[in-house]
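Could you walk me through this structure? I'd like to get from the overall picture down to a few individual side chains.

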Amino acid sequence: FYATSIKKERSRISRHGFLFVFRDRTEEQKMDQVKDELISTVSHELRTPLSSILGYLELLRYRQLTPEKTQRYVEIMHEEAKRLTTLLNEFLDIQRMEGGKQPYDFKSFSLRQLLLDTTDAFGETAETHHIVLDVKEDPVMIVADENKIKQVVLNLLSNAIKYSPFADHVTVSLHTQGEQAIITVTDHGLGIPQNAFDKLFTKFYRVDNSAVRKIGGTGLGLAICKEIIESHGGAISVESELHQGSTFTVVLDLDSRKDYAK
Ligand code: ADP
């Protein structure tokens, strides 16, 4: 028990003059556990889309298919290939963050403009959902890594859509309060059980119910969001009611150096 409570390797001389070496395994064990989880998730999550792509490729290669079927199979393969790309990017992100090797490129920009651009581009591909924007304030300047903040917004948006199969709109809002900018992403989907709130932003965690299981995912997206937002000195949180929907809130400091920050 003592050995696991100390951080670095330490030596102690016992009353009888023996030298005992207590080696802290906690950090190492944690890293090993993270690696094990990564390997098992990577192999499981990569194998599924890859087998699917290979299966459809075999069909296209050896069978005479109708143009409709060919089109459908190509679309499925395209979706699966996109899933693979997301997965690989998420794994690489989390690896970099684990190793403290994530570079951030801070500069001042308008959060309003970022939300307009991001939701515009995303809205065009979101065939099933309408994205409602509630951003009245302008320009809402912050100092941050624009691409990373975009990644967070995209992640929250795609979750909102993914986990609301029976609702047709998602709302993104932006407002300021004091010296802070507040972004919310609200859906009217599956919702999240209260006992999952504190685990939601940890790596690999996915709510364990059949509705969520049917929807693919790695459980890394929100962990990445939290890491990014906290590296900016901000906060991310969730409010949700099962079967009613969820609201994710991101709070970031405004650019205090500019008069037009608000
Ligand atoms: P992934 O979506 O890849 O599983 P995330 O880290 O993005 O991973 O999310 C973790 C879990 O949180 C999801 O598996 C899901 O159970 C839950 N979740 C996230 N966003 C929502 C949402 N908008 N509505 C309901 N559940 C959500």
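This is a predicted model: local features need pLDDT of at least 70, side-chain atom pairs count only at pLDDT 80 or more; totals for chains, interfaces and linings use all residues.

The mean pLDDT of the protein is 85, and 88% of its residues reach 70 or more. For the complex, the predictor gives an ipTM of 0.99 and a pTM of 0.77.

The protein has 7 helices and 9 strands, and 39% of its 262 residues count as buried. If you take the contacts with a separation of 6 or more, 67% of them come from residues 24 or more positions apart. The accessible surface comes to about 16,200 Å², with 52% of that belonging to carbon and sulfur atoms.

Look for Leu133, which stands opposite Val172 in strand 6. Strand 6 also pairs with strand 7 (residues 180-187), this time antiparallel and through 7 bridges. Strands 6 and 7 make a hairpin with 2 residues between them, and Gly178 in the turn has a positive phi of about 60°. Gln177 has Gln180 in strand 7 as its bridge partner.

What about the inside? The largest nonpolar core has 55 residues, and the ones touching the most other members are Leu111, Leu156 and Leu200. Helix 5 (residues 146-162) gives the most to this core, with 7 residues. Click on Leu156 and, leaving aside neighbours within four places in sequence, you'll find it in contact with Val185, Leu222, Cys225, Ile236, Phe248 and Val250.

Next, have a look at Glu227, which sits in helix 7 (residues 221-231). Is Glu227 buried or partly exposed? With a relative accessible area of 35%, Glu227 is partly exposed, because that value falls between the 20% and 50% cut-offs. Beyond its neighbours within four places in sequence, Glu227 is in contact with Met97 and Tyr104. Leu59, on the other hand, lies 168 residues away along the chain from Glu227, and their C-alpha atoms are separated by 42 Å.

In one, Arg61 pairs with Glu58, the closest N and O atoms being 3.7 Å apart. Arg61 and Glu58 are separated by about one helical turn, because they are 3 residues apart in helix 2 (residues 26-62). Arg61 is exposed at 60% relative accessible area, while Glu58 is partly exposed at 38%.

Asp93 and Arg96 also meet in a salt bridge, at 2.8 Å from N to O. They both lie in helix 3 (residues 67-98), 3 residues apart, about one turn of the helix. Here Asp93 is buried, with a relative accessible area of 6%, whereas Arg96 is partly exposed at 35%.

Finally, Lys136 and Asp134 form a salt bridge at 2.7 Å, N to O. Lys136 counts as exposed at 70% relative accessibility, and Asp134 is partly exposed at 31%.

Technical notes: Residues are numbered from 1 along each chain as its sequence is written. Side-chain values use heavy atoms; hydrogens and water are left out. Two strands pair if DSSP finds at least two bridges between them. Helices (H or I, at least four residues) and strands (E, at least two) are DSSP runs, numbered from the N terminus. Buried means under 20% relative accessible area, exposed over 50%, partly exposed in between (1.4 Å probe, protein chains only). Contact means heavy atoms within 4.5 Å. Accessible areas come from the Shrake-Rupley method with a 1.4 Å probe; for residues, only the protein chains shown count as cover. pLDDT is the predictor's confidence in each residue, from 0 to 100. A nonpolar core is a set of buried Ala, Val, Leu, Ile, Met, Phe, Trp, Tyr and Cys residues joined through side-chain atoms within 4.5 Å. A salt bridge is a side-chain nitrogen of Lys or Arg within 4 Å of a carboxyl oxygen of Asp or Glu.
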